[in-house]
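Please look through the sequence and the model shown here before reading on.

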Amino acid sequence: MVMTRSERWTVNGGRWHVRIAGDGPLIVLLHGWPQTGYAWRRVVPLLAERYTVVVPDLRGCGDSDRPEAGYDKAAVGAGVAALIEQADAGPARIAGHDWGGAVGYLVAAARPELVTHFAAVETVLPGFGLAELADVRRGSQDAWWMSFCAAADIPEMLVAGRERQFLAYFYREHAYDPTAIGVADLDEYTRAYAAPGAMRAGCNYYRTLAEDEAAFKALPPPSCPVLCIGGRQRLGELVAASVRQVAPHSTSAVIDRCGHYPAEEQPRELADLLVAFFEQPCGEEGGQ
């Protein structure tokens, strides 16, 4: 049985909660919002059979510190880069979901010496399609919460005491199978986001979108292989459509019977895709 241990690492002056399992080449798994590193719990045992798997709670999330500032993706990415260096296990294979995918892409592009492979899971990049998902001028509110969370102070005020109901909406509405994230899982996410300052920290990921767009547009394309993974019943090929604007060599895969949470809805298929991709030589492009 693969054992996972929890540690607290000091990363760029702040404490990050990190889950670690397995032995072998380094994999770093980055979660999105409104989740924590707990989101990867079903995938970690499948990867830890051959890799060292490191799963942080990103800045402000879960049991990591929640500073007032530093939620632009360049700052969060700098923390992930420091974490990879601190792991001292060589360059990493990174998979990132949602905001974790944006952070992972930034690390792959800005710090190529630290990343051998990058997989974007249910991710649309800032500056390359993300803001358009919530653009009411186009009659689209597919991502209404982006505007809601970006408003100063309002989300924290309205959601206070209702964190469980607020979070449950996302897991229910954006999963193909609404039971994939169960009662115990909702308990854990509620514990994390009902903690003092946690909802504010999560919303801060959206409040930096304009800054993020400028940073992403200034990045060079990543030199490592890039895989785009979408859930058929959520973003699907939109992941590849976004990432290929800046990384045209990217390959793609779409997981059937899957919404926005592949690590929780289809962990085996996601793990198989990641292993096949991560085992490719760095100079080889594969996939579809």
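Leaving aside residues up to four places away in sequence, histidine 260 touches His97, Asp98, Glu122, His174, Ala175, Arg234 and Glu265, where contact means heavy atoms within 4.5 Å. This is a predicted model, in which local features need pLDDT of at least 70 and side-chain atom pairs count only at pLDDT 80 or more, while totals for chains, interfaces and linings use all residues. Residues are numbered from 1 along each chain as its sequence is written, and side-chain values use heavy atoms, with hydrogens and water left out.

Histidine 260 is found in the loop between S8 and helix H11 (262-265); helices (H or I, at least four residues) and strands (E, at least two) are DSSP runs, numbered from the N terminus. Histidine 260 counts as buried because its relative accessibility is 8%, buried meaning under 20% relative accessible area, exposed over 50% and partly exposed in between (1.4 Å probe, protein chains only).

Turning to the sheet, eight strands form an open sheet in the order S1-S2-S4-S3-S5-S6-S7-S8, with mixed pairing, and two strands pair if DSSP finds at least two bridges between them. Its edge strands, each pairing on one side only, are strand S1 (4-11) and strand S8 (251-255). S1 pairs with strand S2 (residues 14-22) in the antiparallel sense over eight bridges, and arginine 8 stands opposite histidine 17 in S2.
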